[in-house]
Amino acid sequence: MSKEEIMKNAMDDFEKVQRCMILAKEEKATKTYAELKRQYIVLKALLTSLGVNITELDIIKE
């Protein structure tokens with residue numbers, strides 16, 4: 001898999017995880033939110049290491 005494919009997949013996953021985090025928070029699903037937050041942190045670190053500026057992508061900002 002190329003760097004570009006990894007970046008695209010990670011960006012797609014980052015967006016999905018954030019949407020799910022918002023829903024989990026609204027539903028007060030604390031265990032689900034905690035797991036999503038773990039995934040959010042991993043994806044955020046991956047995207048940052050790949051040189052992606054996630055300022056505009058990051059709607060959660062945690």
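Me: Which residue does Glu 15 form a salt bridge with, and how far apart are the closest N and O atoms?
Reply: Glu 15 pairs with Arg 19, and the closest N and O atoms are 2.7 Å apart. A salt bridge here is a side-chain nitrogen of Lys or Arg within 4 Å of a carboxyl oxygen of Asp or Glu. Bear in mind that this is a predicted model: local features need pLDDT of at least 70, side-chain atom pairs count only at pLDDT 80 or more, and totals for chains, interfaces and linings use all residues. Residues are numbered from 1 along each chain as its sequence is written, and side-chain values use heavy atoms, with hydrogens and water left out.

Me: Where do Glu 15 and Arg 19 sit relative to each other?
Reply: Both are in helix H1, 4 residues apart, so about one helical turn separates them. Helices are DSSP runs of H or I with at least four residues, strands are E runs of at least two, and numbering starts at the N terminus.

Me: How many salt bridges does the count come to?
Reply: The count is 5. Among them, Glu 35 pairs with Arg 38 at 2.8 Å between the closest N and O atoms. Those two lie in helix H2, 3 residues apart, about one turn.

Me: And which residue does Glu 62 form a salt bridge with?
Reply: Lys 37, with the closest N and O atoms 3.0 Å apart. Glu 62 lies in the segment after H2 and Lys 37 in helix H2, so the pair ties together parts 25 residues apart in sequence. Glu 62 is partly exposed at 36%, and Lys 37 is partly exposed at 33%.

Me: Switching to the core. Which residues touch the most other members of the largest nonpolar core?
Reply: Phe 14, Val 17, Met 21, Tyr 40 and Leu 47, out of 14 residues. Such a core is a set of buried Ala, Val, Leu, Ile, Met, Phe, Trp, Tyr and Cys residues joined through side-chain atoms within 4.5 Å. H1 and helix H2 (30–49) are the elements that give it two or more residues.

Me: What does Phe 14 touch?
Reply: Leaving out residues up to four places away in sequence, its contacts are Tyr 40, Leu 43, Lys 44, Leu 47, Ile 54, Leu 57 and Asp 58. Contact means heavy atoms within 4.5 Å.

How values were computed:
Buried < 20%, exposed > 50% of the residue type's maximum accessible area, 1.4 Å probe, protein only.
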